[in-house]
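Welcome! Please take a moment to look over the sequence and the model before reading on.

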Amino acid sequence: MRVWKFGDNIDTDAIIPGRFLTINDPKGLAEHAFEGFRDGFAGNAQEGDMIVAGRNFGCGSSREHAPLALTGSGVRVVIAESFARIFYRNSVNVGLLLVICPHAGEITEQDQITGHFAEGYIEVSGKRFDIEPVPAFLQRIIDAGGLVSYAKKIRSEDLCMK
Amino acid sequence: MDQTIVEKIFSRRCNKDVVAGEVVMAPVDGAMMHDITGPLAIEKFYEMGGTRVFDPKKVIMLFDHQIPADSLNAAENQKTMRKFGNEQNILNYDIKEGVCHQVTLEKGRVCPGDIVIGGDSHTCTYGAVGAFATGVGSTDLGFALRYGCLYFRVPDSIRANVTGKFADRVGAKDLILNIIKDITVDGATYKAVEFTGETVSSMPMAGRMTCCNMAIEMGGKVGIVPPDQITAAYLKDRASFQGTDLASDDGATYSSWREYDAGDLVPQVAVPHNVDQVVDVDQVAGTPVDQVFIGSCTNGRFEDMQEAAEVLGNRSFSDKVRVLVIPASRPEYLKTLRAGIIEQFVEAGALVEAPCCGPCMGGSFGLIASGEVSFSTSNRNFKGRQGSTEGKVYLGSAATAAATAITGVITDPREVR
Ligand code: SF4
């Protein structure tokens, strides 16, 4: 498990530049993840790696290609001090776990992180950092494995089709 | 209970009183899809077991980001969407009308009190007509296409109250950049930004769209202007709507209330690489630029073209600068053309392109190379947004862009007389 550390306000243009948005599959997108922004991520990121960032991770464009570029790279978890709204929602929908941790800034690339997400904390090289709980309605979508699976199970009385 | 305009919209559409913070399943009155996020949304729609969209009349489809198709992938994506549009009886504006947000509004597809989503972060622009409108990703869009509703957390609101009269050659873009500087890039995350005050209530639709468009640059879920006579006049021949009786109650609760004085404002410029890095134009005046872009859903309307033309007069653009002018839609293009402004721009040395996103997203043409500087009337100056990650993007009004294009260095439009 490797930690890839980023700063504040990492926008979705940085995660996947606009010129690659004609690609729709996670693996294809992963080849260009952080291209020109953090060269060396694509090609070296591996299954189980984590991204750690500061404030407002994922701001900017609504492109779902951004979380897909990360899942295609093998990243399953992003830990940040805060996330932009659309990116947060998109990630939940496609099954990328986002963890809000006020102490994310203290984590370095040398750290080893073990997630105890359900218990509400992460262990960072022996230290314990609390994480914020996920809002209940999003937890339901996460538990279902993303919005597509959730949609398949949804009851008609939970919808408002008029 | 006193409510904000956004709480009222959700209450009306959900048939129950809701307050900020509540999560609701709400019906959507419109769902916009374009060539970038559309193909994935269609895939998700089918994965969720969709066969027919909830209501073809409420789906807005068009292509604007990579048009005419600039690669085989883009062509294939557009083909996928055309086919879907045909099969589902969706009116598809295809590549003919211009930038999604401008087109959606000018075709009267959004009315006061509506809840509208779009597969594009700048969907928040539609708050300009007093709707709740927000950008979503492709999976959410696919869900809405199938079920006609979506989960929303009713947002808290920030009130941005603006008084005072703009000085000459200062306007809505300078105002919104100044507000973003104050609220910061994530200061409105999960929140609605409600624009009010005499400056806003006397502001034409073009300026309201500019302000609402950039709500997302503060993390906002929507920018919204209470509908009024100006809204009604704009919608009159475009849509049939229920009237404009919709505004926040006096005792509504805001997460913060901010006051701005438009009279104090000088031209504002957002410097690389964050939209809240905003300075008075004199602080960056003299910075050489390689490309100037006048266009986008933020400032590609006739009013912007007029503003740029007024600064330009009968001068020429600098030989050192590539000037790209792209009106935001076909009607805006035609108005600009008929006013003689297109001719004026071409005479002055600009390249005028057909309505589309152009270099705004750095996905199609007009990219900047490493070390190059762009001055743009669009909404994002992120690293790499308009091409090379080694390039730089400055943002400002059409007047400032025109002044800059004339001199070749960032220039205060009030100094070009
Ligand atoms: S003009 Fe720019 S910001 Fe507007 S929709 Fe197109 S790419 Fe997005």
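## A few words first

Two strands pair if DSSP finds at least two bridges between them. Helices (H or I, at least four residues) and strands (E, at least two) are DSSP runs, numbered from the N terminus.

This is a predicted model, in which local features need pLDDT of at least 70 and side-chain atom pairs count only at pLDDT 80 or more, while totals for chains, interfaces and linings use all residues. Residues are numbered from 1 along each chain as its sequence is written, chains are lettered from A and ligands numbered from 1 in the order in which they are written, and side-chain values use heavy atoms, with hydrogens and water left out.

## The sheet in chain A

In chain A, four strands make an open sheet with parallel pairing, in the order S1-S2-S3-S4. Its edge strands are S1 (3-5) and S4 (97-100), each of which pairs on one side only. On average, neighbouring strands here are turned by 20° against each other, direction ignored; the angles run from 0 to 180 degrees between N-to-C directions, with axes as lines fitted to C-alpha atoms.

S1(A) pairs with strand S2 (residues 50-53) of chain A over three bridges, in the parallel sense. If you look at Trp4(A), you will find it opposite Ile51(A) in S2(A).

## Strands in chain B

Chain B also has an open sheet of four strands, with parallel pairing and the order S9-S8-S7-S10. Strands S9 (222-224) and S10 (256-261) of chain B stand at the edges with a single partner strand each, so one side of each has no neighbour in the sheet. Three bridges join strand S8 (residues 192-196) of chain B to S9(B) in the parallel sense, and Glu194(B) stands opposite Ile224(B).

Strand S1 (residues 23-27) of chain B has four of its five residues buried (under 20% relative accessible area, with a 1.4 Å probe and protein chains only). This strand runs antiparallel to strand S6 (residues 149-153) of chain B, and five bridges join the two. Ala26(B) stands opposite Leu150(B) in S6(B).

## Around the ligand

Which residues come nearest to the ligand? Of the 13 around it (those with a heavy atom within 4 Å), they are His122(B), Cys297(B), Cys357(B), Cys360(B) and Asn379(B). Helix H4 (100-106) and helix H10 (296-299) of chain B each give two or more residues to this shell.

Asn213(B) is in helix H8 (residues 205-213) of chain B, and it counts as buried because its relative accessibility is 0%.

Key:
Buried means under 20% relative accessible area, exposed over 50%, partly exposed in between (1.4 Å probe, protein chains only).
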